[in-house]
Each structure stands twice: as structure tokens, then as C-alpha cells.
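Dear colleague,

Please find below the structure that I am handing over to you, together with its sequence. My findings follow directly after it.

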Amino acid sequence: MEKDFGRIVLSGFRELISLAGRLGEKIKDKYFWTYTEMEQAVGYLLFFRDALKKQEKSNTSYQQIFGESGDFFEIKHFKRGFNAKSITFKTIVRQEVKRWVLKIGHRISPVIDFGDPSNPDYYKKYKQDLEVLRKKIMQHKELVHLLPEPQEVIWAVLTEEGNKFGTTLLLQPFLHVMKPNKIQKKLTDEQRIQLIAELQAFKKLCEGLVKDHKLHPDLLGEGNLEIVEKNGEYHLMLLDMGLVNLLAPLPITHAVMHFASLQTIYNVEKLIKKIL
Ligand SMILES: Nc1ncnc2c1ncn2[C@@H]1O[C@H](COP(=O)(O)OP(=O)(O)O)[C@@H](O)[C@H]1O
Ligand SMILES: [Mg+2]
């Protein structure tokens, strides 16, 4: 017991030191775009497209995303998070214009042992976690829309002037996240009931992930669990697929994540139930 307590304190201390060491880079990652980063992002997009085309088994995804021509246009910078920065772009698939988000992993995550996106192990783990999530949602009929699909993860390495930059790339369709005031105004009672059922199923999914895999969706910060408008319907969607490994020696991160999850789920519930 005392030994355990000692280990937790030590782990917590190590975690704080790592956060202090990473803070400068993380603030830059979260808030500032540089010109070269945008150029590099286009490079990653080209890499992503060509890698997807080469993977025979995902050839259907390639066609679903890049259409017949493989062309893309209207590349814009989008959001920055603590784990990734993202751009949006458009393609034409069977005469229809589609918009996509490409998430480009940052070099490091905010704390040690959380997993650094520029490490191939992070990519492997991410791919595995996505499969775990895809399988788990099949057990909940309410959650067929929870994950943005098609969704593809690719490991990419760009070489520039002899320097190699490897990172994890994730592609998702661009989704229309509903603003809180719109949710308050637009949803019918029927839609609210269906969204509550989706939220209850999501809570059960989280319990199952903890029990069976010692994993929990990362719900820290804004924008990870959202209500999204899709073809005139509204659904609960998990946009940030990061799963937190509860076996990692990160007592402080886990505590913060735990309270953040409760808060995020409560906020979504409040919105759906119209509690002001
Ligand atoms: N597919 C998407 N469509 C529209 N907005 C998105 C999409 N994916 C993420 N976002 C928004 O981008 C922001 C950051 O994305 P996220 O995946 O959470 O990155 P990070 O892992 O760095 O936190 C969030 O505010 C989220 O709502
Ligand atoms: Mg996020």
C-alpha cells in the first residue's frame, strides 16, 4: 500500500517535470501556424493520397475520398489541438464535391508516456484503438454514427533537406459541428430523445472500454465529443479518436481526464436536455 502510494507520487512528479519541459513546444503547437508548416501539410496530403492509393485493400477508401481523378483543391488551414494540427481540402467523388479534414500529428504530446504522434508506435496503437472502437460500437445500435467514416490512418515520412519528419496522419470527412445556440433552437423533442439515447449508449461504451481494454476516450478540451448535423439528421460524434491508456503511469493526467470526461458528458447532456 505504502509502496503503491510512493510509486504514484513518483509517477506524478515525473509527469509534471515532463509537462514543464514540453510546455513551450505545446503552446506553439496549439496556437501558431507557420508558413512552412502549411507547405509541409500539403506535402503530407500528397503523401497520404499516394500511400492510400498503393494500399490495395483500401483502394475503395481511395476512390471514396479522392474519386477517379485523385485531384484535390481548396486546401485551407483548420484547427490546432494539443496532439494534431489539421487542414481541410476538397475532392470530387462521382460529380459531388466532398470536404475532408487531414489531421497531422505533432512531434510530441503534452506529457511523457501519453504517446508521441511522431513515433511509429503511436501510429500502430492509434490504428489498433480505432479498430477496437469500430468493433465496440457494433454492440450499440444507437452508435452507428459515432465515428466519422470513412476514416483512414497512415504513417507518413517526409524528407526535407536531409531531415526526416515522420508522423501519424488521420483523415476524416469534414463535419458540421452544431453550435450550442443552434442546438437549443433547432432540435425537436424527438431528436432530443434520440440524442439522449446516443449519449447513454456512449456512456456504456466508455464503461466497456475501461473494463475490457483499460482505455478511455480523450474528452479533455473542446471539440472532441460533438453534436453534428448530417444530411438533416443530428448525431453524437466522437471527432477526437485519441484513447487514453489507463495503464500508463500518468496519475495526474488520468485524474484530469476523468473530471474532464464527466464535465464534457454533462455539458453535452445539458445541451440536449435544454437545461440552461
Ligand atoms: N472531422 C471533423 N470535422 C469538423 N471539425 C473537426 C473534425 N475533427 C476535429 N474537428 C475539430 O477540430 C478540433 C481539434 O481536433 P482534434 O481531433 O480534437 O485534435 P486534438 O487531438 O489535437 O485535440 C476540435 O475542435 C474538433 O471539434
Ligand atoms: Mg481534441
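In this predicted model, a backbone N or O atom of N83 lies 3.0 Å from an oxygen atom of ligand 1. An N or O atom in the side chain of K103 is 2.6 Å from an oxygen atom of the ligand, and a polar side-chain atom of Q172 lies 3.0 Å from a nitrogen atom of ligand 1. In total, 17 residues surround ligand 1, and K103, P173, L175, G223 and D240 are the closest of them.

I also examined the packing of helix α6 against two other helices.

The axes of helix α4 (residues 120-137) and helix α6 (residues 189-213) come within 11 Å and cross at roughly 125°, which makes α4 oblique to α6. This crossing of α4 and α6 is right-handed. On the α4 side, the contact involves V132, L133, K136 and I137, which meet L205, G208, L209, D212 and H213 of α6. Five of the residues in the contact of α4 with α6 are nonpolar, two are polar and two are charged.

Between α6 and helix α7 (residues 251-273), the axes come within 9 Å and cross at roughly 165°; the two helices are therefore roughly antiparallel to each other. The crossing of α6 and α7 is left-handed. Here R192, L195, I196, L199, Q200, F202 and K203 of α6 meet I265, V268, E269, L271, I272 and K273 of α7. By class, the contact of α6 with α7 comprises eight nonpolar, one polar and four charged residues.

With kind regards

Notes
Residues numbered from 1 in each chain as written. Chains lettered and ligands numbered in written order. Predicted model: local features only at pLDDT ≥ 70, side-chain atom pairs only at ≥ 80, totals over all residues. Heavy atoms only, no water. Axes fitted to C-alpha atoms, helices over the stretch in contact; angles between N-to-C directions. Helix = DSSP H or I, 4+ residues; strand = E, 2+ residues; numbered from the N terminus. Parallel < 35°, antiparallel > 145°, perpendicular 65-115°, else oblique. Left-handed = near helix turned anticlockwise from the far one by under 90°. Contact = heavy atoms within 4.5 Å. Nonpolar A, V, L, I, M, F, W, Y, C, P; charged D, E, K, R; others polar. Near = heavy atom within 4 Å. Polar contact = N/O pair within 3.5 Å; in protein donor to acceptor, adjacent residues only side chain to side chain.
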